[in-house]
Each structure stands twice: as C-alpha cells, then as structure tokens.
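Here is a friendly walk through a two-chain structure, written for someone who likes to know the cut-offs. Have a look at the model first, then read on.

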Amino acid sequence: MKLLLDLARGMLARRRRQTLVSVAGVALGVAFFIAIAALMRGFQGYFISQIIDVAPHITVKDELRAPPRQAAELAHPGGAVTVSGVKPRDRVRGIRAAGDKLAMLEAMPGVAAAPLLTGQALLRYGARDVSATLLGIEPARQARVSNIGKDMIEGRLEDLRATANGVILGAGLAQRLGVRVGDTVSAVSPAGTVLPMRVTGLFRTGLTALDNAQGYTLLKVNQVLQNRPNVVNQIHIRLRDVTRAEPLARQIEARFGDRTESWEEQNANFLTVFVIQNAVMYSVTGAILLVAAFGIYNIVSTVVFEKTRDIAILKSLGFTERDIQLLFLAQGLAVGLLGAALGCALGALMIEGLAQIRFGVETPAGQDRFMLVRDWRIYAAASLFAVAAAGIAAVIPARRAARLDPVQVVRGAA
Amino acid sequence: MSAPAPPLLAAEGVTRRLPEGVTLVSDVTLAVGRGEFVAVTGPSGSGKSSLLYLLGLLDRPSEGRILLEGRDTAGLDGEALAALRLARIGFVFQFHFLLPEFSALDNVLVPMRRLGRLPLVEARRRALALLEALGMREAAGKLPEQLSGGMRQRAAIARALANDPALLLADEPTGNLDTRNAAAVFDIFAGLAAEGRTVIVVTHDLALAGRARRRVHLVDGRVVSDGPP
C-alpha cells in the first residue's frame, strides 16, 4: 500500500498546479460548508434555546383539539335527521380539576408543572393605554417551569408576594407605558374589573413579542382581575429532557382531554423554516463540493489519460487491476483529504473572522454579533462529504485505468 | 529414473485472433529451455510482438496453451497471471517506459516493493547492484529525463531483472538506440543468458539476432524456421 501511495504522490506532484486547484476547490467547499453551518446552526440553536428557555416545554390549555360533539349529534348518530343551528353549551372555561391534574403531572419523573391564568388586560399609565397579556402565576412553581427568574433585569419574582397587586412587566412593555419599578399602573380586564397594580420588577427574555406585551402577576390577583375565581386556564410544564416534549404532550392530551401542545408544535412554523434553511444551506454547499468533485474527476481522468503507458508498464510488471484502481482512487482521495484538511483550517479561520464582526446595534435579543456554533461534528461531516465526493469522482477514471489493456497501449507506443 | 525437467516456457498450438477476425499468431508451438537466448525475427506485422505478449502472459491465446515452468496458465485468473509476471517474468520494451516521476533507482525498486520479498534496505542494495552491473551506478539517483536513451534502456533492463525473473522478454529493445548502445544491450542479454537466465528478444535486426543461440522466424503469425541463427 505504501508503494501505491508513493506512486500516487509522485503522479500528483507531477501535476502540481492542477492538483493545487483541485485541492483549493475542495477546501473552499469544505470551508464554506463549515462557516455557513456554524452560522445557521448557531442562529437556529440560539433561537430554539430561547424558545425552550422562555416558553414552557409543554402547555396544557383549557381547549379541546376538536370541538365536542353536540348532544343532538350524539342522540341521532348518522341518522336521517339533521339538526342545524344548534348552539354549543355555554360552559365555564378553564381546566377542570386543575389541582388533581397538577398533582398527577408533578408525580411524573422529570416533570415540573405550574398553574396559570392568562388573560388580556389594558394597562393604563397616565394617558398611555397598552394592551397586554397578564399571566397569573404562583411564583415558586413558575420559577421551576420557566427562566423568568433569570430574565429579571429589575426586582425579583418573589416580590410579587410581598406587594399587594404587584405586577412584573416586560422591559419593552414598561418602555411603551413609560413606567419604572415602583410606579402604579391601572389594569382593566375584559370583564370590566379595574385594579391598580404596582410595578415590582422588569424582565427581558430576548423575544420581542413577549417583552413588549407580557406581564406577570399572582394567580389569585389575575383571577380577581379577570373575574374568574379559582380558574386555571393553562398548565405549564418543564421537562428535564426536552426531547420528550412531543410524546409526553400526546400522552397528557390522551389522558386529560385538554389540548396539550409541545414546544415543537407551538413553534412548528419556525422549525419548518429551519428545515428549509438547512436544505438550502446543504444544497448550496453541496453544489460547491460537487463542482470540486468534478475538478477531482477531471484531474484523475487527465492523469489516467496521460499515464496510460505507465499503467501498461505497471501491469506488465505484475500490478493487478485492483492495484491500478487503488492507485488512482488514492489520488482522488488524497486530493479530497488534503482539501478537507485545508478546508477545516480555512473554515475555522472564517468562523473566527465572523466572530469578530460587530453589528454596532444592540438587538432585542441582546446580541450584536453572529451566533456561531463550534462543533467538531460540522467539521467531520464536511470532511466526510468532501472525501466521499472525491472518492466517488475518482472511481470512474480509476476503473477505466484498471481495465486498460497493456498490450493495446504497448502496441500503440511502438 | 526421474522424468526430464519441463522446458521453462512452452507454447502449444497457440493462436491469437482478434475479435474482428484478424489472426496475429497462428498455431505456434515451441519450447524454450532454461538459459536459452532466443531471437524472434520476422517482417513487420508477422506477429513477433504478439507472440511475445502471449509468452509473457500479458495476453491470452484464443486457442492453445502456454506453460510456464510446466504449469498450464490457461485456467489462471488475472491476479494469478499478474503474480506470475511479477515474480517470474521481466519485460523490456522498445520504449523504456520508466516512471518519469521516479529516479532510476526508484524505478528498479517498484517491482521489488510490489513483490515484497526483500526488506527495503536489501532491495535497495540489490537495485543498486543491478544498476552497477549495467554501468548505471552513478546515474541511480537521476530522473529518466536526465538520462540518455541508452541509459534509460539499461535502467529498464535493471527494472525487468529486479525480482530475479527466470524469463526475460524484450520487445525490440534496441529499436530506439544507436548501433553502439544496441550492441551494448545485446551484450547484456548474452551475459544474462550465459548466467542461466532465459532471454527471448524480438528484433527485426538480423545482425543482432545473429548473436542469439537460437532464432525463431515468423511470417504471417506462423513459425517458418526455428534453429540456430
């Protein structure tokens, strides 16, 4: 094998410029693959971690996935009688037996659950009115199912207990209202209840949609504000293993009947976009490597064409078809390996270069730079792809070389 | 009484026909013993080289069989034939066919390394000895492009002898050489035959062929005479 590698090296070295161009092609493909993958995965990872950190992993809602069948339909299943204009029974919304369900959920291993009552409220401060979603929570339990404690930029979550009608506002919401910690806003619910609420803290999650329109208050306070005593309309669940969210959500929904959504379901639109983004990324970088593979095919084909006499003499010396095939395959793989190694180094440099870029603008997410992932698996995948492409590109000319009839070549040379 | 040793190489009713119907070699039967120096002559297109490629197991006969050291090669696959060529047969062509990227020494080492019979240090020693015997000691480290035509052909002969083959086949080895170098190459072949190695040389140069101890003359792919030159 060492002999074949020496022969391959000699043949490639003879065509130094063409070899270098092919190596550079592979290296560029690998480097771009690495840099783009680091960028995309960095952004996607950040986005998903924000979603996972900020939103509950599973949300149980006081809704049903499909509207319940009406009594008239149940009374005449598939019958000849059609009842139209039947109005659904007016039922009090909220999760039934929420306390029991919470206890059952908490008993599951690796599961933390917290009850909430969410509702709309109009927050008024001076002449400013801003519509917001208020989440009535139990601070100790909520702290176990969300990162709100970590997201606090002023005050603490527990301050809700120490203050009558306290409210914690998103930083963007507070800015829109023009309030600071210690100010008192007036909250008006759709039920018509008006409560003065004292701002005890501010939070910033990084998700603008939340920071600009969400606030936290005590569960009991929100029940009073929304005029829905003892009602819980959501249960937020946090899991130790986030990958269990979807199957567990299906399990809970099957058991309780309440609509239960995992974080994947709630963000399916983003995740679909990511899939498309990844497909585009892999297509583009794949195309670069494909072009590089054509370069390798070209160089190995040229070498085979130029080396027909050498192939003939090697065969006459006793080299087998397999030896000849390996000899040219080794040349393709050598170009692939060299390109992959160079591409990895170049890719790492590109990542470090991208990491130095500052946008000079503080985004709501608190980032003014690219979010980059430095994962050895990206390098491994790019290298593997490049070497495989190089190998495949070299196979055809290598097989052609192996099948060369030395007698024909020697006759032609004579 | 023990049976007589088989000839080193034997062709029995060998015919080589191309798929398009052209017959290159027709019903050739000959036996070549150890240490023989045979010249194959004939006009252009008489099938000299084709016969040599058949005898050297580079090509397969359409009919008949080739026996090397008493062993029928007809049933052997490509790998087995390659192994026989590597260990038992040396080829020299009209063109030197040295690998241009490697020095004369490295070219001689190629078949030795492929066979792997000798450790590299010993292989190098043997390769240098071969080159020295052919007057190439000083040029061992030179690339083929730095060598003269005669030196290239001598390096090719050294490469053909690298694995100490029983049979040396040469196809018009002096075709590209001047008279002096051609005579020198034939001297080498005569010397090798004197050492007991079997040498078969295809040539159209009757004067050089006269230096062999046996001459096989072909016309239209058939042996028309076989005997002393």
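## The largest cavity

In chain B, α2, β6 (89–92) and α5 (149–160) each supply at least two residues of the lining of the largest cavity; helices (H or I, at least four residues) and strands (E, at least two) are DSSP runs, numbered from the N terminus. The biggest share comes from β6(B), with 3 residues. By class, that is 7 nonpolar, 2 polar and 2 charged, where Ala, Val, Leu, Ile, Met, Phe, Trp, Tyr, Cys and Pro count as nonpolar, Asp, Glu, Lys and Arg as charged, and the others, Gly among them, as polar.

The space in the largest cavity is about 40 Å³, and the structure holds 1 cavity of 30 Å³ or more. On a 1 Å grid over the protein atoms alone, a cavity is a set of points where a 1.4 Å probe fits but cannot get out, while a pocket is an open set with protein on both sides within 12 Å along at least five of seven lines; lining residues have an atom within 4 Å of a point. Grid points are joined across faces, edges and corners, and a volume is the space filled by probe spheres set on the points.

## How the model was treated

This is a predicted model, in which local features need pLDDT of at least 70 and side-chain atom pairs pLDDT 80 or more, while totals for chains, interfaces and linings use all residues. Residues are numbered from 1 along each chain as its sequence is written, chains are lettered from A and ligands numbered from 1 in the order in which they are written, and side-chain values use heavy atoms, with hydrogens and water left out.

## The largest pocket

About 630 Å³ of space lies in the largest pocket. Of its 24 lining residues, A:Ala55, A:Pro56, A:Leu210, A:Gln214 and A:Gln266 lie nearest the centre. α2(A) gives the most to this lining, with 3 residues, and the classes come to 12 nonpolar, 11 polar and 1 charged.

## Where the chains meet

Contact (heavy atoms within 4.5 Å) joins 25 residues of chain B to 26 residues of chain A. The rule finds 3 salt bridges across this interface, a salt bridge being a side-chain nitrogen of Lys or Arg within 4 Å of a carboxyl oxygen of Asp or Glu. B:Glu101 pairs in this way with A:Lys307, their closest N and O atoms being 2.1 Å apart.
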